[in-house]
Amino acid sequence: PREPTLAVDIKVLDFVSSLFLNVAPNNAGWTKTVETFLEKQGYKLKTEGSLRKRFGNALVWYNFLQDATTRHVGDVLRVTCSIAVELHDGKQHQSVDEEFDAPDPFSLPCERARHPSPATPDNISPQSSTNIRRAMVEDEESDSDDPVPVGSKRRREEREVDEAEQNPFADPSARVRPSNYLRSRCPLCFGGEFPRESDGDDPDAIICLDACFTQKRNRQARDPPRTHPHTVFLPERDLDAMERYMDALRARKPPPKKTKVNQDDQEDRVEGGLHVPNSVLDGCESGFTAADERRMKASTQFFDDTALMALLCHHDIVLFLANMCSAGEKQHYVMALVETLFQHLPLEFRLGILYDIGCQVERSCVKWGFLDRYIDRISFGISVFHAFGHQWACQIIYHPRKCRGFGLSDGEGCERFWHSISKLIAYLRYHQRLYTLDRQVDYARDEIVEGLGAWLLRRSQHALKKRKAAELILQGCGHQEVLLRAQWDAQVAAQTKPLPRQSKKAGKDAVNELIRLRETQSDLKKRVKEYDAIIADVDSPLDEYADARTELESVRKKLEELRTRIRRKQAVLGVGDRTRLTNLINNPFLALRMQTLALKQRLRDRLRFRKFELDRLERSFRKQVQ
């Protein structure tokens with residue numbers, strides 16, 4: 001301005017900027033307080049409320065200069081570090097001229113795409129000019145009233161479907177270490193030398209995901225674009241492209257039509273790649289609102305932005321944020337965040353993901369082929385405090401205390417982050433939502449990084465203490481570790497097996513199976529008699545005699561096992577050895593008996609799972625009381 005009417009000391013602007021990082025930004029409240037204070041000191045402004053707009057403009061321009069300085073310093077450091085370590089963003093080294101033209105690796109690739117260079121005549125290639133001219137012709141044709149030929153319309157629709165079925169994220173580049181952006185966000189998770197020494201399939205880093213529907217923005221005209229130099233938000237077009245891609249994959253294989261059949265009558269099975277049967281996953285899905293994408297958590301009629309979804313590292317540092325515009329917690333936000341993270345990681349980097357409904361995300365990945373490029377490098381888990389809402393069989397597989405590689409991670413970093421920005425809920429309903437969140441995230445990251453040394457010492461001492469206590473318990477139990485691991489594997493196998501279903505053909509199938517077992521028993525008895533005859537015959541050849549002696553013991557062992565199975569099957573059916581099974585194939589009593597036994601087994605398994613859950617809670621309660 002040529003004739004400024006207000007001068008504000010830089011120190012005051014710096015103080016207010018720091019204050020608005022620790023409390024909800026409130027320029028009106030701050031200026032009103034200053035006016036009241038000056039009035040008490042004998043300095044009264046000519047117009048009431050005149051300080052608010054002028055001080056607000058000064059603060060905006062001061063923050064703008066701060067951002068420009070941060071961006072310039074980051075550019076200089078990027079080029080200097082790249083030349084020093086002979087790496088560009090974890091990739092192969094580029095020339096110096098390419099370094100100055102390269103985008104800033106400390107910002108998101110998707111963020112760099114938000115501000116493309118203007119399409120001036122000097123920088124438009126012949127190919128791009130042809131595309132522009134073609135686009136103009138197509139626009140003119142679409143605006144005309146002439147009907148579009150059916151063939152060209154069909155080809156255009158097929159081309160759009162093919163484009164939607166292509167993954168909007170390119171294949172990750174080969175890196176020798178994580179990108180500079182991730183190394184700058186959390187040096188403990190992504191810094192240091194690579195490749196790291198890992199123990200088997202343990203994850204190299206652990207992240208957590210969650211959504212928060214209290215961070216909304218009212219439906220109104222958007223603020224002017226204002227981008228933070230270290231923004232963590234994914235662009236909307238990437239989120240929309242991921243949604244179209246996932247919808248296209250689901251359209252290839254539509255889900256079967258739901259019929260009015262009792263859930264207990266359906267066949268329970270474990271889908272390929274998973275370790276939990278469908279009945280357990282269906283129970284988890286019905287018990288969590290986050291698992292139902294169609295369930296409304298926020299109204300899109302009154303809010304433009306309905307929620308936030310965050311991806312945090314093991315040390316509660318925000319890596320990426322997604323601005324949600326849907327009424328429910330849709331999975332394409334999760335997939336977009338994870339895809340973006342893998343774009344910054346080496347090709348052999350393994351990741352542990354903790355999410356409230358991690359079991360449902362892995363189920364979708366296996367069923368529809370999401371994240372197929374990385375699924376073999378991902379270990380899914382459930383955050384600790386949400387794990388108790390899942391089925392017991394699901395907890396056995398996905399609880400972080402039972403998953404190898406997660407250690408003492410709780411996966412609740414997102415909850416702590418939501419609590420830290422809860423003071424902004426009212427303010428972000430109206431003003432500069434994304435920019436304010438970026439400033440808060442950057443400030444929180446600086447504070448966490450400063451305390452990482454003390455955090456590492458405190459948590460390592462805690463882990464060593466826990467390990468020592470666990471070793472004392474193992475030494476005092478009186479059993480070897482091999483036996484304990486075998487018993488645990490047996491428990492997991494028994495409690496994650498599919499439940500028996502109720503079927504009208506259960507009785508018939510059980511009778512047919514018993515008939516088959518009896519026929520097999522008769523065959524084995526004949527073989528035993530044959531081998532006994534060969535051994536008893538003194539004139540039998542030596543080779544036949546040796547083979548008979550060798551095979552006789554194994555056949556008798558199989559026969560004994562088969563007799564045990566037959567006795568169990570007969571006890572289940574309630575029949576004896578001399579009962580003619582062919583007369584019982586269509587017996588209605590046996591069909592009802594088998595259905596009742598299947599229902600009984602389901603009830604017993606569910607009661608047993610419930611007992612395990614309550615036992616864990618009771619032990620925790622006793623420990624707190626003592």
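Helices (H or I, at least four residues) and strands (E, at least two) are DSSP runs, numbered from the N terminus. The model is predicted: local features need pLDDT of at least 70 and side-chain atom pairs pLDDT 80 or more, whereas totals for chains, interfaces and linings use all residues. Residues are numbered from 1 along each chain as its sequence is written, and side-chain values use heavy atoms, without hydrogens and water.

**Exercise 1.** Determine where D316 is found and whether D316 is buried, partly exposed or exposed.

*Solution.* Step 1: D316 belongs to the loop between β6 (307-313) and β7 (318-324). Step 2: although not a glycine, D316 has a positive phi of about 65°. Step 3: its relative accessible area is 23%, so D316 is partly exposed (buried is under 20%, exposed over 50%, partly exposed in between; 1.4 Å probe, protein chains only).

**Exercise 2.** Identify the buried residues of helix α16 and the elements against which they pack.

*Solution.* Step 1: in α16 (residues 413-420), the buried residues are G413, C414, F417 and W418. Step 2: they lie on the same side of α16, because they cover an arc of only 140° around the axis (taken from the directions from the helix axis to the C-beta atoms). Step 3: they pack against β3 (205-212), β6, β7 and α17 (433-450), where contact means heavy atoms within 4.5 Å.
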